[in-house]
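Q: Hi! I'm new to this one and would like a friendly walk through it. Can we look at it together?

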Amino acid sequence: MSAKKILFLVGDFAEDYEVMVPFQALTMVGHVVHAVCPGKKAGEKIKTAIHDFEGDQTYTEKPGHNFVLNASFAEANADSYDALMIAGGRAPEYLRLDNRLIEIVRSFAAQKKPIAAICHAAQILAAADVIGGRRVSAYAACAPEVRMAGGEYVETPPDGAIRDGNLVSGFAWPAHPQFLALFLEVLGTRFSL
């Protein structure tokens, strides 16, 4: 397997599992993952939030962990990476307002590099205007944004994920097994235990 270099966009109050699990799993199989957040440098932290499905009309939110960034957003350049991953949770709501972040996402899309987006990360894809004509899964509350951006929102169960060419998207953290398997497929990752 050839190790890939992945840029991972995260931010304060990103969903805890949607930061921790992909970061650890992709690193475990040998990829280099650089977690970055606008306005923050390597060694600084983001606060995550735990979103749970407990029978309410929407998810509940609880404090998560402090996650240490291992790269600086100011140094991030799409040309230096093989793929892009975007965490969900509440972070995309404000991250999509960062013009440089939007340009980075557009650059990955223009170069047709693998992109993985889970849950509310669809808000960033919609803001970057890179999902027109694409099939996208996301947390159900993001369906209107996907559609307004010209994408086809695909309803999946909470543990569901889909692939549309180089784009992998999933409903939320319960989809990690399928979401990460599809992303590894796009990356060309082969491994055995």
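Q: By class, which residues does the lining of the largest cavity have?
A: The lining of the largest cavity has six nonpolar residues, one polar and one charged. Here Ala, Val, Leu, Ile, Met, Phe, Trp, Tyr, Cys and Pro count as nonpolar, Asp, Glu, Lys and Arg as charged, and the others, Gly among them, as polar. Before we go on, this is a predicted model, where local features need pLDDT of at least 70, side-chain atom pairs count only at pLDDT 80 or more, and totals for chains, interfaces and linings use all residues. Residues are numbered from 1 along each chain as its sequence is written, and side-chain values use heavy atoms, with hydrogens and water left out.

Q: Thanks! What counts as a cavity?
A: On a 1 Å grid over the protein atoms alone, a cavity is a set of points where a 1.4 Å probe fits but cannot get out, and lining residues have an atom within 4 Å of a point. Grid points are joined across faces, edges and corners, and a volume is the space filled by probe spheres set on the points.

Q: How many cavities of 30 Å³ or more does the structure hold?
A: There are two cavities of 30 Å³ or more. The largest has about 40 Å³ of space, and its lining is made by Ala109, Ile115, Leu125, Val130, Ile131, Arg134, Asn166 and Leu167.

Q: And what lines the second largest cavity?
A: That lining consists of Glu15, His51, Phe53, Tyr59, Cys119, Tyr139, Ala172 and Trp173. About 40 Å³ of space lies in this second largest cavity, and its lining has six nonpolar, one polar and one charged residues.

Q: Changing topic: how far apart are the end C-alpha atoms of helix α6?
A: They are 16 Å apart, which agrees with the 16 Å that the twelve residues of α6 (residues 176–187) should span at 1.5 Å a residue. The expected span is 1.5 Å times one less than the number of residues. Helices (H or I, at least four residues) and strands (E, at least two) are DSSP runs, numbered from the N terminus.

Q: Which residues in α6 are buried?
A: His176, Phe179, Leu180, Leu182, Phe183, Leu184, Val186 and Leu187 are buried in α6. Buried means under 20% relative accessible area, exposed over 50%, and partly exposed in between (1.4 Å probe, protein chains only).

Q: What covers them?
A: The cover includes β1 (5–9), α1 (16–28), β6 (83–86), β7 (115–118), β10 (161–164) and β11 (167–170). Contact here means heavy atoms within 4.5 Å. Just after α6, glycine 188 takes a positive phi of about 80°.

Q: You mentioned β11. Which of its residues are buried?
A: Leu167 and Ser169 on one side and Val168 and Gly170 on the other are all buried, which leaves both faces of β11 covered. Strand β11 runs parallel to β7, joined by four bridges, and isoleucine 115 stands opposite leucine 167. Two strands pair if DSSP finds at least two bridges between them.

Q: What about β10 and β11?
A: Those two run antiparallel, also with four bridges, and arginine 163 stands opposite valine 168. Their hairpin has two residues between the strands, and glycine 165 takes a positive phi near 65° there.

Q: Why is strand β3 largely enclosed?
A: Four of the five residues of β3 (residues 32–36) are buried, so the rest of the structure largely encloses this strand. β3 pairs with β1 in the parallel sense over five bridges, with lysine 5 opposite valine 32.

Q: What order does the open sheet of three strands have?
A: The order is β2-β4-β5, with mixed pairing. β2 (14–15) and β5 (60–68) stand at the edges with a single partner strand each, so one side of each has no neighbour in the sheet. β4 (residues 45–52) pairs with β5 in the antiparallel sense over seven bridges, and isoleucine 46 stands opposite phenylalanine 67.

Q: Last one: is aspartate 129 buried or exposed?
A: Aspartate 129 is exposed, with a relative accessible area of 56%. This residue sits in the loop between α4 (122–127) and β8 (135–136), and its phi is near 60°, a positive value in a residue other than glycine.

Note on methods. On a 1 Å grid over the protein atoms alone, a cavity is a set of points where a 1.4 Å probe fits but cannot get out, and a pocket is an open set with protein on both sides within 12 Å along at least five of seven lines; lining residues have an atom within 4 Å of a point.
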